[in-house]
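Please examine the sequence and the model displayed below.

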Amino acid sequence: GTRSSSFSFVDLAGAERQSSTSTADLGEEMMRVKEAGAINKSLSALTDVVLSLSEGPQGSKHIRYRDSKLTFLLRDSLGGNAKSAIVANVAPSQVCQAETA
């Protein structure tokens, strides 16, 4: 048979900057909050997709890939016979410790 592979890089950086900046003007701060909200929505949708896929083939359960751009773009890498790995780049700083739990 034919094998194929794909490699996706997804940068979810931005949410961590929301509370660590104190000199940003109101417009920048509002953009960061909006960006963090969009990232959290995508991560929540990704969690839902992974949980649905992990339940196994129970009938014809619909996997909701279209709930976010992230899951829609990664749908071929998540479902079917796909084998996926997630690599997290986490800063070792004490300031960032709460965000890694």
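Helix 1 makes the greatest contribution to the lining of the largest pocket, namely eight residues. A helix here is a DSSP run of H or I with at least four residues, numbered from the N terminus. A pocket is found on a 1 Å grid over the protein atoms alone, as an open set of points where a 1.4 Å probe fits, with protein on both sides within 12 Å along at least five of seven lines; lining residues have an atom within 4 Å of a point. The model is predicted: local features need pLDDT of at least 70, side-chain atom pairs count only at pLDDT 80 or more, and totals for chains, interfaces and linings use all residues. Residues are numbered from 1 along each chain as its sequence is written, and side-chain values use heavy atoms, with hydrogens and water left out.

The largest pocket holds about 1,700 Å³ of space. Its lining comprises 39 residues, and Val10, Ala85, Ile86, Val87 and Ala88 are the closest to its centre. Helix 1 and helix 3 each provide at least two residues of this lining. Sorted by class, the lining has 22 nonpolar, twelve polar and five charged residues; Ala, Val, Leu, Ile, Met, Phe, Trp, Tyr, Cys and Pro count as nonpolar, Asp, Glu, Lys and Arg as charged, and the others, Gly among them, as polar.

The second largest pocket contains about 320 Å³ of space. Among its 14 lining residues, Ala38, Ser42, Ser68, Lys69 and Leu70 lie nearest its centre. Helix 1 and helix 2 are the elements that give two or more residues to this lining, and the largest share, four residues, comes from helix 1.

Helix 1 itself covers residues 26-54 and reaches 42 Å from its first C-alpha to its last. That span is close to the 42 Å expected at 1.5 Å a residue, the expected span being 1.5 Å times one less than the number of residues. After helix 1 comes Gly56, with a positive phi near 85°.

Which residues of helix 1 are buried? They are Arg32, Ala36, Ile39, Ser42, Ala45, Leu46, Val49 and Ser52, where buried means under 20% relative accessible area with a 1.4 Å probe, protein chains only. An α-helix has 3.6 residues a turn, so residues three or four places apart point the same way. The buried residues of helix 1 pack against helix 2 (69-73) and helix 3 (75-78).

Leu46 and Val49 also belong to the largest nonpolar core, together with Ile63, Tyr65, Leu70, Leu74 and Leu78. Such a core is a set of buried Ala, Val, Leu, Ile, Met, Phe, Trp, Tyr and Cys residues joined through side-chain atoms within 4.5 Å.

Notes
Buried means under 20% relative accessible area, exposed over 50%, partly exposed in between (1.4 Å probe, protein chains only). Contact means heavy atoms within 4.5 Å. Grid points are joined across faces, edges and corners, and a volume is the space filled by probe spheres set on the points.
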